Amino acid sequence: QGLESHGDSRLVTEWITIGVIVAAHGVHGEVRVKIETDFPDRFAAGNTVTLLIDREGAAAQKESETPRPFHISESREHRGMALLAFTNVRDRETAESLRGARVVIPREEVRPLPPGTWYIFELEGLEVQDKKGTFLGILEEVLHPGGNDVYVVRKDGREMLLPAIKEVIVEVDLAARRMIVDPLEEETES
């Protein structure tokens, strides 16, 4: 399953989050980025990335986020994260001010996936039905506990957990915004 998740901005119809700056690193302006894409080469040195930076502080709404380009001068992997140095960020204080910024791409720059695989942002919000057409709920979240993803489907305050395996997921119709499933008997509702 693709990991790129989705967000919105007034300046572009749809932004797709490919990473989040979680902290400054060192004293020379590097930042640690939690990678949220199956294509980490997007963080290679020489690339320019767009950051959505909240103008009004962490508690503000997404509408206040301003897209700004940043050129990556250096990049390396460190403990499962990307360590990036931007050309215009040279000290820890400036790097720290970027904490929480989302690294985004426009929706039209999302790379195609192989048939039968979908990005998380494409799945979230799908109406889920069983093979008989009974509405089971809305797919609201995708969990990554280990061997396979788990889809969290909610309806009327209840949730159903569905393993993302071919025996359970019968059909995904993105155009119709619908997923047909054949839940295993041990699928639990809470």
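**View 1. Arginine 79 is exposed, with a relative accessible area of 76%.** (Exposed means over 50% relative accessible area, buried under 20% and partly exposed in between, with a 1.4 Å probe and protein chains only.) The model is predicted: local features need pLDDT of at least 70, side-chain atom pairs count only at pLDDT 80 or more, and totals for chains, interfaces and linings use all residues. Residues are numbered from 1 along each chain as its sequence is written, and side-chain values use heavy atoms, without hydrogens or water. Arginine 79 sits in the loop that runs between β5 (65-78) and β6 (81-86); strands are DSSP runs of E with at least two residues, numbered from the N terminus. Although arginine 79 is not a glycine, its phi is positive, at about 50 degrees.

**View 2. Strands β12 and β13 form a hairpin with four residues between them.** Strand β12 covers residues 169-173 and strand β13 covers residues 178-181. The two strands pair in the antiparallel sense over four bridges (pairing requires at least two bridges found by DSSP). Isoleucine 169 has valine 181 of β13 as its bridge partner.

**View 3. Arginine 177 lies in the loop between β12 and β13.** In the turn of this hairpin, arginine 177 adopts a positive phi of about 55 degrees, although the residue is not a glycine. The relative accessibility of arginine 177 is 35%, and the residue therefore counts as partly exposed.

**View 4. Phenylalanine 70 and phenylalanine 86 form one of the two aromatic pairs in the structure.** (Rings of Phe, Tyr and Trp, the last by its six-membered ring, pair if their centres lie within 6.5 Å; planes under 30 degrees apart count as stacked, over 60 as edge-to-face and the rest as tilted.) The ring centres of phenylalanine 70 and phenylalanine 86 are 5.1 Å apart and their planes meet at 55 degrees, so this pair is tilted. Because phenylalanine 70 belongs to strand β5 and phenylalanine 86 to strand β6, the pair ties together parts that are 16 residues apart in sequence. Phenylalanine 70 is buried, with a relative accessible area of 3%. Phenylalanine 86 likewise counts as buried, at 0% relative accessibility.

**View 5. Tyrosine 119 and phenylalanine 121 form a stacked aromatic pair.** The centres of the two rings are separated by 5.5 Å, and the angle between the planes of tyrosine 119 and phenylalanine 121 is 15 degrees, so the pair is classed as stacked. Both tyrosine 119 and phenylalanine 121 are buried.
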